[in-house]
Amino acid sequence: MLDFLGNLQRTHKCGELRVEQAGQDVVLMGWVNRRRDHGNLIFLDVRDRTGITQVVLDKEVSGEAHAKAEAARSEYVVAVKGSVRRRGAGLENPNMPTGEIEVVARELLLLNEAKTPPFSPAEDAIANEEVRLKYRYLDLRRAEMQRNFELRHKVAQAIRGYLSENGFLEIETPFMTRSTPEGARDYLVPSRVHAGSFYALPQSPQIFKQILMISGFDRYFQIARCFRDEDLRADRQPEFTQIDLELTFPQQDTVFRIVEGFLTAAFKTAGISLTTPFVQMTYDDAIRRYGIDKPDMRLPALTELTDELTPALREQLKIEQKLPVLGFVIPKAGGLSGTQRRALVDDIRKEFGDCGLDSLDVSRLKTNEAFAPLANAIEAKLAAEPTLEDGVTADDLVVVITPKLGTPEKWNYDPQWTYKRVGALRLQLAQKFADKHGRFVQTGTEADFKFAWVTDFPMYEWDEEAKVWNAAHHPFTSPHEDDIKAGRLTSDKGAVRALAYDIVLNGTELGSGSIRIHRQDVQAEIFRSLGMSDAEAKERFGFFLDALEYGTPPHGGIALGLDRIVMILAGAQSLREVIAFPKTAKAIDLMVDAPTPVSEQQMRELHLKTVTRS
């Protein structure tokens, strides 16, 4: 029979007791993590979110409590009254913070029983993620998950504190607003009282935070819930949380210093010290040096080897004369044997397929007397990369990518394509030598965090299929003043630079921001440059265009993904590890079984009906 709690109150958490409490009477409450029955002695490991304490039930000391312990099973909810004592010599558990003590129980209350769970929260890892998500309330009891959410809380609190101390006001913006798609699909909410009309859940508070700047609030922030109906990946969820901020009269560096300040405060909660200011590079530099606009600087950058290959050598090695040769190094890649290196070279060639790129095996060049000087020159050039503090050694993997004879059409369409493709291969190969947390073993400790600001993104991107220019960031981003004055908005869209910036950490984009358009005439011109008529702009953004006419100050801001920050700090591989109730890759909540159909009556009230596509 189960017990009632009555007036009993907990005196300590399960992870708090130490040898200093020996001899004290205590009351603990929690779940049975494990039960071990040794006849006259039964041991219960009692767990709450702070940790575990070993409880001893001695049949000779308390027969009734011992009898109840015989009935207890994993995940039963219990209360224990007893006294703390130091464990005997040699019986300590150094792997537990409470491992030097135990509680000798005089009384045990069985407050609730539990079915045999599909997995034990005492396990360190559970392979089947779908089972974890279906029984999320059990999964969240695991120590790893409890740590993740304590970390998330501390990070959010540190950010709130820093921004509040620096003059920002936390202001909430609406969840139900009008549909103004920003690249992804909106989640739509049908209106019951306005038949055929819909609200949209916000993809971001973008327009509202700009209106707050027009309203004179000067510095705004919000830890905001946002929604995007898009295909999911490990670092994407349909609903997510972002650290959103905006301020008036900023330069880009103003935003950078504020973000670096609150990230420093946030990372300090995890025991990590950051060095500021962070590295800055333009979008073009990032593509040229890393082949991607979110560079992972834990690895050496791409190196141009064009000068090392003379026209005669290119002809001899059947390499295209005019296009760049790029190389990179994966440090301490495991000391591959010659056979393994050759197999890897073959894999590289298969990976590129028939796209106009090939690889040059530097280790084979070294064995050829005629080409050995070239191999040495290549390695010397690569060794100059600052990340390679010890130069290039025999344990490092050297990769050189060469263009095949004949210029592929792809290069003519996108001159940066070579850098992007080689940059993608660099990351792909590096992952082969990363640990289970995605860290590159050769770069050192868990505290090895490489931040960068990437600036001067293209204002527009060309949609080859639709033959139109789209906003690369969002249509409220200000172009560079020089590009506006030079008339490039109409004459040369591909050359227009945006006052947009990303904050990147270890190859993950943490957030994006920009200096905004604060003039109505410039905003209208941007809409027109995107193929939007004045009437369409008025229909979609009329309220915002009107607001811009009432003394809008220059302003800018940024939004960073809180989920991504915590994911990286926790060493997790998926956002699902740091979101309490996440969706699957198919946008399904397995625990509550959502989404689900609704009743016919609800459909009628909302003026909706389902249509089956043929």
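A: Happy to. One term before we start: a salt bridge here is a side-chain nitrogen of Lys or Arg within 4 Å of a carboxyl oxygen of Asp or Glu. This is a predicted model, where local features need pLDDT of at least 70 and side-chain atom pairs count only at pLDDT 80 or more, while totals for chains, interfaces and linings use all residues. Residues are numbered from 1 along each chain as its sequence is written, and side-chain values use heavy atoms, with hydrogens and water left out.

Q: How many salt bridges does the count come to?
A: By that rule, 40 salt bridges.

Q: What do the side chains of Asp3 and Lys68 do?
A: They meet in a salt bridge, at 2.9 Å from N to O. Asp3 sits in the segment before β1 (25-38) and Lys68 in helix α1 (residues 63-71), so the pair links parts of the chain 65 residues apart.

Q: Is Asp3 buried or exposed?
A: Asp3 counts as buried, at 19% relative accessibility, and Lys68 is buried too, at 18%. Buried means under 20% relative accessible area, exposed over 50%, and partly exposed in between (1.4 Å probe, protein chains only).

Q: Which residue does Arg141 meet in a salt bridge?
A: Glu75, at 2.7 Å from N to O. Arg141 lies in the loop between α3 (136-139) and α4 (143-165), and Glu75 in the loop between α1 and β4 (77-86), so the pair ties together parts 66 residues apart in sequence. Glu75 is buried, at 3% relative accessibility.

Q: Which residues are linked in a network of salt bridges?
A: Arg132, Arg136, Asp139, Arg142, Glu144 and Glu577.

Q: New topic: what does UniProt list for "binding site"?
A: Its unreviewed entry lists Glu182, Arg228, His473 and Arg516. Such annotations may be inferred rather than shown by experiment; positions follow the numbering used here, and feature names are shortened.

Q: Where is His473 found?
A: In the loop between β18 (468-471) and α14 (481-485). His473 is partly exposed, with a relative accessible area of 25%. Leaving aside neighbours within four places in sequence, His473 is in contact (heavy atoms within 4.5 Å) with Ala500, Ser512, Gly513 and Ser514.

Q: Last one: how is the protein divided into domains?
A: Into domain 1 (19-112), domain 2 (127-275 + 513-518 + 553-613) and domain 3 (299-439), with bounds from an automatic or database domain assignment. The C-alpha centres of domain 1 and domain 2 lie 41 Å apart.

Terms used:
Helices (H or I, at least four residues) and strands (E, at least two) are DSSP runs, numbered from the N terminus.
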